[in-house]
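Let's take a friendly walk through the inside of a protein model. Have the structure open beside you as you read.

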Amino acid sequence: MFEHAVHMITRTLVELMDLFISDLIPQAGVGGSIAAMEKVPVEVVYISVVFLAGVGIAFGVSLAFIASKFTVKMDPRVEQVREVLPGANCGACGFAGCMGYAEAVVGNPDVATHLCAPGKS
């Protein structure tokens, strides 16, 4: 029963794909109006290369703009504190890893600076 259902679904999908793809693929053969070309015209290759280069440049510029717009600015003191910590990311201090502890130490003066068990003093 399961195999029959899979076969029916597969056959339906193949028929649907044939409906859409048959218009995209040129049909060449006896009595067909489309002739196969031996070579692609150079103009088509040039237009394709220029179009793809333009799309690549446009996406690259837009990604660079978005990256600069949504950049996260970090306090340099957080990185200094993070360099002092051992980097074990064990959570023994009660924070989510060494970076979380460093951000808490810099951002909140009430957080004790001696909570890191692996780093000791």
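We will go from the core to one helix and then to a pair of rings.

This is a predicted model, in which local features need pLDDT of at least 70, side-chain atom pairs count only at pLDDT 80 or more, and totals for chains, interfaces and linings use all residues. Residues are numbered from 1 along each chain as its sequence is written, and side-chain values use heavy atoms, with hydrogens and water left out.

Start with the largest nonpolar core, which has 11 residues, among them Val78, Leu85, Cys93 and Cys116. Such a core is a set of buried Ala, Val, Leu, Ile, Met, Phe, Trp, Tyr and Cys residues joined through side-chain atoms within 4.5 Å. Buried means under 20% relative accessible area, exposed over 50%, and partly exposed in between (1.4 Å probe, protein chains only).

Helix 4, residues 97-107, gives the most to this core, with 6 residues. Helices (H or I, at least four residues) are DSSP runs numbered from the N terminus. Contact here means heavy atoms within 4.5 Å. Leaving aside residues up to four places away in sequence, Val106 touches Asp75, Arg77, Val78 and Val81.

Now find the rings. Phe95 and Tyr101 form a tilted aromatic pair, 5.6 Å centre to centre with 35° between the planes. Rings of Phe, Tyr and Trp (its six-membered ring) pair if their centres lie within 6.5 Å; planes under 30 degrees apart count as stacked, over 60 as edge-to-face and the rest as tilted. Phe95 counts as partly exposed because its relative accessibility is 27%, whereas Tyr101 counts as buried because its value is 2%.

Technical notes. Helix = DSSP H or I, 4+ residues; strand = E, 2+ residues; numbered from the N terminus.
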